[in-house]
Amino acid sequence: MRFKGKNAIVTGASGGIGSAVARYFAGEGANLCLVDRRAVAEIAKEVRAQGGNVVEQVIDVTDSAAVRCMVDAAIAGLGRVDILVNVAGVSSHGPAESVTEAEWDRVLASNLKSVFLCCQAVIAPMRSQHYGRIVNIGSILGKNGGNPRPWIDRNEQTRAGNLAYGASKAGVHAMTLYLAKELAVDGITVNVVAPGPIASAMTVNFPETLRALIPMGRMGQATDVAEAVAFLASDAAAFITGEILDVNGGMWVD
Ligand SMILES: NC(=O)c1ccc[n+]([C@@H]2O[C@H](COP(=O)([O-])OP(=O)(O)OC[C@H]3O[C@@H](n4cnc5c(N)ncnc54)[C@H](O)[C@@H]3O)[C@@H](O)[C@H]2O)c1
């Protein structure tokens, strides 16, 4: 019960990784503010059954006013916010040439601006209590230049993440490093978990040829990511900040 008495906001809580994080945290005793633009009732029911208090927030995390209200609601409903886990995000596929300006804006807003807004909104409350744990979900695609292999098969890229996605996740990594240095003095740690391919709604069409490049021979599970998030959010990681923790089965090593 390492999160007994702790309160956590989890965005993207209706998705594969977000719901796994919520379930894991609830199992360790946390109370949760569950955030998604889709209904969160199902995962909220599971968390309540595990004994935790729940605040449900169906909002768009690219909307700054909605994000501020969400943090206020979390504090009003749970008492304080100890942990923020930014999981909400969208995928985007295809070759660089096919990325429209509208798609670029959608992906950068959904994956990067949203994380900025949520992090910014918890700074004041976390600073005032001199305690906070922020864990952002990045990606292997923000580090490795993605998976384009046109010299082998141009079509492979149509089902693999594109440069807008990779740039958004690289932005999350960079923002995390900045926040880590700025907020350490306030007792707030800021880290990234950077997954490789994880079995979820986002990867149902992931090319088999790319799956074969994972040294461990399998896609990751959402629970693999939840384990890493829980570690970085726990007091066991009290002296770790500005870390980008890879959870990718060896697909990218640095
Ligand atoms: N699945 C993978 O292989 C993988 C790998 C690396 C990183 N990631 C990242 O992990 C995170 C979760 O991915 P997943 O696989 O669980 O996908 P998912 O599609 O199952 O979950 C994403 C959730 O985020 C929510 N969401 C998206 N935009 C939102 C917005 N603007 N406001 C509120 N909610 C919003 C969606 O409704 C959805 O419930 C994403 O940030 C993704 O980029 C996933």
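Q: What makes up the shell around the ligand in this predicted model, by residue type?
A: The shell splits into eleven nonpolar, twelve polar and four charged residues. Glycine counts as polar here, so Gly 12, Gly 15 and Gly 89, which are among the residues that come nearest to the ligand, belong to the polar group. Ile 17 and Ser 200 also come nearest, out of 27 residues around the ligand.

Q: Which helices each supply at least two residues of that shell?
A: Helix 1 (16-27) and helix 4 (101-128) do. Helix 1 gives the largest share, three residues.

Q: What makes helix 7 "mostly covered"?
A: A residue is called buried if 20 or more other C-beta atoms lie within 10 Å of its own. Nine of the twelve residues in helix 7 are buried, so the helix is mostly covered. Among them are Ala 222, Asp 224, Val 225 and Leu 232. The cover over these buried residues includes helix 1, strand 4 (83-86) and strand 7 (244-247).

Q: How do you know that the span of helix 7 is close to the expected one?
A: Helix 7 (residues 222-233) reaches 16 Å from its first C-alpha to its last, and 16 Å is also what 1.5 Å a residue leads one to expect.

Q: Which residues touch the most other members of the largest nonpolar core?
A: Of its 68 residues, they are Val 10, Val 21, Leu 32, Leu 34, Val 85 and Val 229. Helix 4 brings the largest share of this core, nine residues.

How values were computed. Residues are numbered from 1 along each chain as its sequence is written. This is a predicted model: local features need pLDDT of at least 70, side-chain atom pairs count only at pLDDT 80 or more; totals for chains, interfaces and linings use all residues. A residue is near a molecule or strand if its C-beta atom, placed from the backbone, lies within 6 Å of it. Helices (H or I, at least four residues) and strands (E, at least two) are DSSP runs, numbered from the N terminus. A nonpolar core is a set of buried Ala, Val, Leu, Ile, Met, Phe, Trp, Tyr and Cys residues joined through C-beta atoms within 7 Å. The expected span of a helix is 1.5 Å times one less than its number of residues. Two residues are in contact if their C-beta atoms, placed from the backbone, lie within 7 Å.
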